Amino acid sequence: MKIGILAITAGGRKLAAQLAAELDGAELVPVDDGIKAALAGAWRRYHGLVCVMATGIVVRAVAPLLRDKHQDPGLVVVDEGGQHAVSLLSGHLGGGNELARRVAAVCRGRAVITTASDVLGLPALDLWADGQQLVPAHPEVMTRAAARLVDQGALRVYSETAVDSLPAGLELVAEPAAAEIIVSIRTDWPPTTLLLHPRCLVLGIGCNRGTPAQEMAAAIDELLAAHRLAPAAIRNLASIDLKQDEPGLLELAASRRWPLTFYSKDELNQVAGLKPAPAVLKATGAGGVAEPAALLSSGNHQLMIRKQKWRNVTLALARAKFILSAPVPAARNT
């Protein structure tokens, strides 16, 4: 976790130097042009920021920089005496709470954590979901679920995926009607559902040379909509290595933030039980692309959706193994 340490007084600079020396990944941030300019310059460069100064100064300086908890760095404010390390911003996903604990340990002071789940000893739902590769159907899902967990002390979970274990405070139920959180790859749930999509679908894709990204995206959206599947459940795309330089495919993957996995014709031809397509075999040397690529990448032996063809695009879908487990991961550092 890359950490920037800022201070503006002689006493603050002394503590800042100590923190920079003892915290892994930490370095001092110059404040020669003022604290507002220093924080603005450091905002996207560091995963965590520690300000050795008054809270009010920091609040006024960062106000124009704030976006959301998914993008803002973890922000900790500590007094010059090192008595209190306050997690001020992005406590869970940004790692602010853990950073406050680390700062307090160095200073031999106290970490001040105000997030309700931590205070009550409940799991941090956003951290757990992030680590489990669960994507909220809507941005407000995690906020509503966390508030309900704090109010009730427990939440009932229905999952279409396998469950090894759940964190304390989450209770597995057998029927969706009894659940307050639903983990599903599908979209056809009531609009008020607290819905999380597991990233477990692998989309095999073949395309003609020069196919635009927009045409591929339209085919994918049509396929997913027809089967009521969530785009957020897509884990990655898979294709033949001849497509590693296909501009439209690379543009599509980048725009949707989907990783790409490629296989050689020999690897694709090793997948048994699929009917070869003569035209594909002639063009690529592989008996097929979309179906075997989806199966190889997913680790599954059965397709969820057999290949479907559009004018310039062929798609197939497989489901990778996905198991929910209890451990709440450490704060992300990327």
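Residues are numbered from 1 along each chain as its sequence is written, and side-chain values use heavy atoms, with hydrogens and water left out. Because the model is predicted, local features need pLDDT of at least 70 and side-chain atom pairs count only at pLDDT 80 or more, while totals for chains, interfaces and linings use all residues.

Let's start with a sheet. Helices (H or I, at least four residues) and strands (E, at least two) are DSSP runs, numbered from the N terminus. Two strands pair if DSSP finds at least two bridges between them. On that basis, five strands make up an open sheet with mixed pairing, in the order E7-E12-E11-E8-E10. Its edge strands are E7 and E10 (170-172), each of which pairs on one side only. From one strand to the next, the twist averages 30°; axes here are lines fitted to C-alpha atoms, for helices over the stretch in contact, and angles run from 0 to 180 degrees between N-to-C directions.

What joins the strands of this sheet? Strand E7 (residues 134-136) pairs with E12 in the antiparallel sense over three bridges, and Pro136 stands opposite Leu196 in E12. E12 and strand E11 (residues 181-183) run parallel and are joined by two bridges, with Ile182 having Leu195 as its bridge partner in E12. Strand E8 (residues 155-159) also runs parallel to E11, with three bridges between them; here Ser159 has Val183 as its bridge partner.

Buried means under 20% relative accessible area, exposed over 50%, and partly exposed in between (1.4 Å probe, protein chains only). Helix H7 (residues 140-152) lies across E7, E8, E11 and E12, at about 135° to E8; contact means heavy atoms within 4.5 Å.

Another open sheet has five strands in the order E15-E14-E13-E17-E16, again with mixed pairing. Strand E15 (260-263) and strand E16 (303-309) sit at the edges, each pairing on one side only, and the twist averages 20° from one strand to the next. E16 pairs with strand E17 (residues 313-319) in the antiparallel sense over four bridges, and Leu303 has Ala318 in E17 as its bridge partner. Helix H12 (residues 290-298) lies across strand E13 (201-207), strand E14 (234-240), E15, E16 and E17, running at about 30° to E17.

Now for helix H4 (residues 96-107). Just after H4, Arg108 takes a positive phi of about 60°.

Thr55 belongs to helix H3 (residues 55-62). It counts as partly exposed because its relative accessibility is 34%. Leaving aside neighbours within four places in sequence, Thr55 is in contact with Val77 and Leu88. Its C-alpha atom is 9.2 Å from that of Val76, 21 residues apart along the chain.
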